[in-house]
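Reader: I am new to this structure. Please take one part and look at it closely, then follow the connections from there.

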Number of protein chains: 2
Amino acid sequence: MNSPDEPIVALATAQGISAIAVIRLSGKDSIDLAQKIFKGKDLVAQPSHTIHFGTIHDGEKNIDEVLVSVFKAPNSFTKENSVEISCHGSPVIVKEIIKVLVKNGARLATPGEFTKRAFINGRFDLAQAEAVADIIFAETDNARQAALNQMRGGFSKEIQHLREELIHFASLIELELDFGEEDVEFAKRDDLKKLIYQIQSYLHSLISSFDQGNVIKNGVPTVIAGKPNAGKSTLLNALLNEEKAIVSEIPGTTRDVIEDEMILGGISFRFMDTAGLRETTDIVESIGVERTHERIKKASLLLYVFDLSLPLDEILKEDGTLKKLNVPIIKVGNKMDKANADAIGKLQNQDFTLISASHKQNIQKLKDKILSHFHVGEVKQGDVLVTNLRHYQNLKQTNDALDRVLAGMDSGITGDFLAMDIRQALHYLGEITGQVTTDDLLANIFSKFCIGK
Amino acid sequence: MNSPDEPIVALATAQGISAIAVIRLSGKDSIDLAQKIFKGKDLVAQPSHTIHFGTIHDGEKNIDEVLVSVFKAPNSFTKENSVEISCHGSPVIVKEIIKVLVKNGARLATPGEFTKRAFINGRFDLAQAEAVADIIFAETDNARQAALNQMRGGFSKEIQHLREELIHFASLIELELDFGEEDVEFAKRDDLKKLIYQIQSYLHSLISSFDQGNVIKNGVPTVIAGKPNAGKSTLLNALLNEEKAIVSEIPGTTRDVIEDEMILGGISFRFMDTAGLRETTDIVESIGVERTHERIKKASLLLYVFDLSLPLDEILKEDGTLKKLNVPIIKVGNKMDKANADAIGKLQNQDFTLISASHKQNIQKLKDKILSHFHVGEVKQGDVLVTNLRHYQNLKQTNDALDRVLAGMDSGITGDFLAMDIRQALHYLGEITGQVTTDDLLANIFSKFCIGK
C-alpha cells in the first residue's frame with residue numbers, strides 16, 4: 001500500500017522535443033525534495049504560487065536551468081504541497097530530472113494519480129474528476145465544453161442534493177423499523193413518492209441526454225463501403241479537405257490527425273477500414289465475412305457508395321443487398337455526372353444522395369444528410385449532458401431501484417423492503433459522485449488517465 | 001517588418017494529449033492581452049513570477065480552467081512582459097486558447113522567435129542562444145552537458161575578451177593611418193604578435209575540440225552492411241536490447257526511439273538503411289550502386305558483418321572487396337560458433353572482431369571496438385567544446401585572417417592592409433557571439449528552432 005502523501009513525480013506535458021517540458025511533483029515533502037536538487041532560492045521559504053529560477057543538479061552535475069513553481073497545501077491541484085519544474089523540452093533532460101527526483105525519494109506517479117489525490121483530498125467529486133480526463137481527451141469543441149461543464153459541477157450538486165433528501169427518507173423509514181410492531185409512520189409515503197417522482201424526472205432528463213452526450217464525447221464510428229472504384233477515397237478526401245483547412249487554421253497547434261477522421265457539426269466521425277468490403281465485388285458474399293460483420297456491428301453509420309456509371313439494374317440489385325444490414329445507412333450515388341436523367345430520378349426516389357466526389361458536387365448536401373442522423377447542437381456553458389457510460393448505467397440502475405420503491409409502496413410492502421431498495425438507489429447514485437467508492441472502482445477509473453494528470 | 005515587441009504566442013510544450021500544455025505569450029502588452037481573456041485576478045496588478053488560477057474565455061464561452069504565470073520585464077526569458085498559460089493538455093483547448101489570443105491581438109510566433117527576442121534584448125549572446133536549441137535537441141547526456149556549458153557562457157566570454165583586445169589594436173593601427181607619412185607606431189608590433197599568438201592558441205584549442213564536439217552533438221552515422229543472412233538484424237538487436245533497457249528504466253518518460261539508434265558511451269549511433277547492400281550478394285556490384293555510395297559517403301562508421309558459417313576463402317574474398325571503401329570499417333565475424341579453429345585464428349589476425357550475435361557472445365568486445373574509433377569521454381561541467389559547424393567555420397576563418405596579419409607583419413606590409421585583415425578577423429569572431437549579425441544570419445539560425453522557444 002502506498003503512503004497517501006508520499007511525493008510522486010511525472011512528466012505532465014506531452015512527450016517529445018519542445019521549447020519547455022513540465023515535471024510535476026506532489027506530496028507532503030515535495031517542496032523539501034525539490035529543494036535538495038535545486039540551486040537557487042530556498043524554496044521551502046517561498047510563498048505559494050511563486051516561480052523561481054535556478055539550476056537542477058545531481059550532486060556536482062548541473063542538469064538544466066529551470067523555473068520552479070511552488071504550490072503550498074491546500075492551494076494546489078492535489079491539495080498537497082506541489083512543485084512544477086519547467087525545464088528545456090528535451091527528453092534527455094526530462095529523464096535526468098525525474099531520475100534525480102526518484103533518487104532523492106520521489107516515486108513515479110501512476111496514471112491519474114494526481115487527480116486521484118485531488119479527489120481523495122476533496123477538491124472535487126468523482127464525476128468531476130472523470131471530467132478532467134474527458135477534457136484532455138476531448139477531440140471537438142463540443143466535447144471540450146461538455147467536459148468543462150461537468151468538471152465545473154455539472155449534475156454533481158443536483159445529484160448530491162437529491163441523494164441527501166433520499167437519505168433523509170431512508171433514515172426515517174429505518175427509524176420506523178426500530179419501533180417494530182407500533183404503527184408509526186415518520187416518513188410520509190406521499191412525500192416520499194413526490195420526492196421519487198422529482199428524482200426520477202431529473203434522472204430521465206440525464207439518461208435521455210446520453211445519446212447526444214455519447215456522440216459528442218466518443219464520436220460516430222462510420223464505415224465507408226462500396227465496390228472497388230466506386231469513389232470511396234475520393235469521397236473521403238472531398239469530405240476531409242474542407243474540414244482539414246479549418247482544423248489547421250492555427251499552424252503549429254494542429255495535432256496529428258488520425259487518418260480518416262472528420263469533424264463535422266461539432267462531432268467527430270471516425271472512418272473505419274472496410275478492407276473486407278473493399279476487396280470483394282459481391283456485397284452479399286462480403287457480408288458473410290466475419291470481420292466485416294464485426295466492423296459494421298461497431299459502426300453507428302454506414303456510408304455506402306454506389307458507382308452511378310454502372311447500369312441502373314446493377315445499382316438497384318446492389319442496393320437490395322443492403323437491406324440485411326442493421327445500421328443506419330446513407331446511400332451515396334457517386335459519379336452523378338455519368339448517370340442518365342432517368343436513373344437519377346429513380347434513385348432520388350429511393351433516398352439516394354447523388355453527388356460527384358471528384359467534382360465536389362453536392363458534398364454539402366451529403367454533409368447535411370449525415371448530420372441529420374445526429375441531432376447534436378452546440379453545447380453551451382451550463383448544459384448538463386451525460387457523456388460517461390458508467391454514469392449512464394448507474395443512473396439507469398438508480399431509476400430501476402426507485403421504480404421498485406414505488407411499486408413496493410403501491411403493493412403495501414413493509415418498511416424494511418422499502419428501505420433496502422432506497423439504500424440500493426443511494427448506492428448507485430453515490431457511486432456516480434464518489435460518495436460510495438471501492439478501490440476497484442477508483443483503480444478502474446484512474447487507470448484510464450494520462451500519466452502526469 | 002514586425003514590431004519588435006508586439007505580443008507573440010505559441011504552444012511551448014510538445015503537441016499531443018497530456019496532463020497539461022503551456023502556451024507562451026511575450027511582448028510589451030502581453031499581460032494586458034492575457035487579462036482580456038482571463039476571469040480571475042487582475043493580472044496586470046500582480047507581481048512578477050506569480051501564478052494565478054482562473055478561466056480563459058472567449059466572450060461568453062469559457063474555454064478552460066487554467067493557471068496563468070506572470071513575468072514582468074526585464075525578469076523574463078525574453079526580457080519582455082510575458083505570460084505562460086498552463087491549460088489542460090488537450091489539442092482542442094490549445095487551439096481555442098491560441099485562437100482567442102490571436103483574435104485579441106497576438107501574432108503567432110515564428111520558430112525561435114522567443115529566443116531571438118531574448119538575444120536581441122541582451123539576455124545572452126548568439127552562441128548561447130544557439131545552445132538553447134542544442135540543449136533541446138540533445139539526444140545524449142553528453143550532448144546535453146556540452147550544450148548547457150555553452151548556454152552558461154562556454155567560450156563566449158573568452159572570445160569577447162580576446163576580441164576586445166584585438167579591437168584595441170585595430171584602432172591604434174587605424175590611428176597611425178591618420179598620421180599619414182609620419183613614422184609613428186601606436187600599436188607595438190611585438191605586442192600585437194603576442195596577442196595574436198595568444199588568440200590563435202585559444203582558437204586552436206577550440207577548433208580541435210570540434211571533432212569531439214561534433215560527434216557528441218550529431219552522433220555517428222553508422223552503416224551496418226553485409227550479405228543477406230549474415231546476421232545484421234540479430235547483431236543490431238543484440239546491441240540495442242541492452243541499451244534500450246537503460247533508456248527505458250524510467251517508464252513513461254522515454255521518447256519514441258528512432259528505430260536503429262543506439263547510445264553507447266554517451267554517443268548516439270544512428271544506423272542507416274543499406275537496402276542496396278542488403279539486396280545484392282555481390283559487394284563489388286552493390287558498391288556500384290549510386291545510392292549505396294551516397295550512404296557510405298555520409299557514414300562515419302561501417303559495421304560490416306561476415307557470415308562465418310561460409311567457407312573461409314569466400315569470407316576472405318568478400319573482405320578484399322571492402323578495401324575500396326573510404327570509411328572506417330569494423331569487420332564483424334558473426335556466427336563464430338560455426339567457424340572452425342583454423343579460420344578463427346586467421347580472421348583474428350586480419351582484425352576481425354569475432355562474435356555470435358544470436359548467443360550474445362563478445363558483444364561487449366564489439367562495443368569497445370566501436371568506441372575505440374570515437375574517443376569521447378564524459379563531458380564535464382565547464383568543459384568547452386565547439387559543437388556547432390558555424391562556430392567551427394568562423395573560428396577557422398578568424399584563424400586564417402590572423403595568419404595573414406602575422407605574415408603581413410613579417411613582410412613589412414603597411415598598416416592599412418594589417419588593419420583590413422584584423423577587421424576581417426574581428427568580423428568572423430564577432431559573428432560567433434553575435435556582436436556582428438545580419439538579418440540573414442539571424443533568420444538562418446532561429447529558423448532551426450522549435451516554435452514556442
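Author: E174(A) pairs with R423(A) in a salt bridge, with 2.9 Å between the closest N and O atoms. A salt bridge here is a side-chain nitrogen of Lys or Arg within 4 Å of a carboxyl oxygen of Asp or Glu. E174(A) sits in helix α6 of chain A and R423(A) in helix α17 (residues 415-433), so the pair ties together parts 249 residues apart in sequence. Helices (H or I, at least four residues) and strands (E, at least two) are DSSP runs, numbered from the N terminus.

This is a predicted model: local features need pLDDT of at least 70, side-chain atom pairs count only at pLDDT 80 or more, and totals for chains, interfaces and linings use all residues. Residues are numbered from 1 along each chain as its sequence is written, chains are lettered from A and ligands numbered from 1 in the order in which they are written, and side-chain values use heavy atoms, with hydrogens and water left out.

How accessible are the two partners? E174(A) is partly exposed at 28% relative accessibility. R423(A) is partly exposed too, at 36%. Buried means under 20% relative accessible area, exposed over 50%, and partly exposed in between (1.4 Å probe, protein chains only).

Helix α6 of chain A also holds L175(A). L175(A) is partly exposed, at 37% relative accessibility. With F179(A) and F186(A), L175(A) makes a nonpolar surface patch of about 230 Å². Patches are made of residues with over 30% relative accessible area and no salt bridge; like charges are joined within 9 Å, nonpolar side chains (Val, Leu, Ile, Met, Phe, Trp, Tyr) within 5 Å. Accessible areas come from the Shrake-Rupley method with a 1.4 Å probe; for residues, only the protein chains shown count as cover.

Beyond α6 comes a charged spot. E185(A) lies in the loop between α6 (156-178) and α7 (189-208) of chain A. E185(A) is partly exposed, with a relative accessible area of 46%. D183(A), E185(A), D190(A) and D191(A) form a patch of negative charge on the surface. Lys and Arg count as positive, Asp and Glu as negative; His and the chain ends are not counted. A charge is placed at NZ of Lys, CZ of Arg, CG of Asp or CD of Glu.

Now back to salt bridges. Over all chains, the structure holds 44. One of them joins the side chains of E130(A) and R390(A), at 2.7 Å from N to O. This pair links distant parts of the chain, 260 residues apart: E130(A) is in helix α4 (residues 126-137) and R390(A) in helix α16 (residues 389-410), both of chain A. Both residues, E130(A) and R390(A), are buried.

Chain B has its own example. D421(B) and R404(B) form a salt bridge, the closest N and O atoms being 3.3 Å apart. D421(B) lies in helix α17 (residues 415-433) of chain B and R404(B) in helix α16 (residues 389-410) of chain B, so the pair ties together parts 17 residues apart in sequence. D421(B) is buried at 14% relative accessibility, while R404(B) is partly exposed at 37%. Salt bridges that share partners also join K61(A), E96(A), K99(A), D141(B) and R144(B) into one network.

Finally, the wider setting. Chain A has 18 helices and 13 strands. Buried residues make up 54% of its 453 residues.
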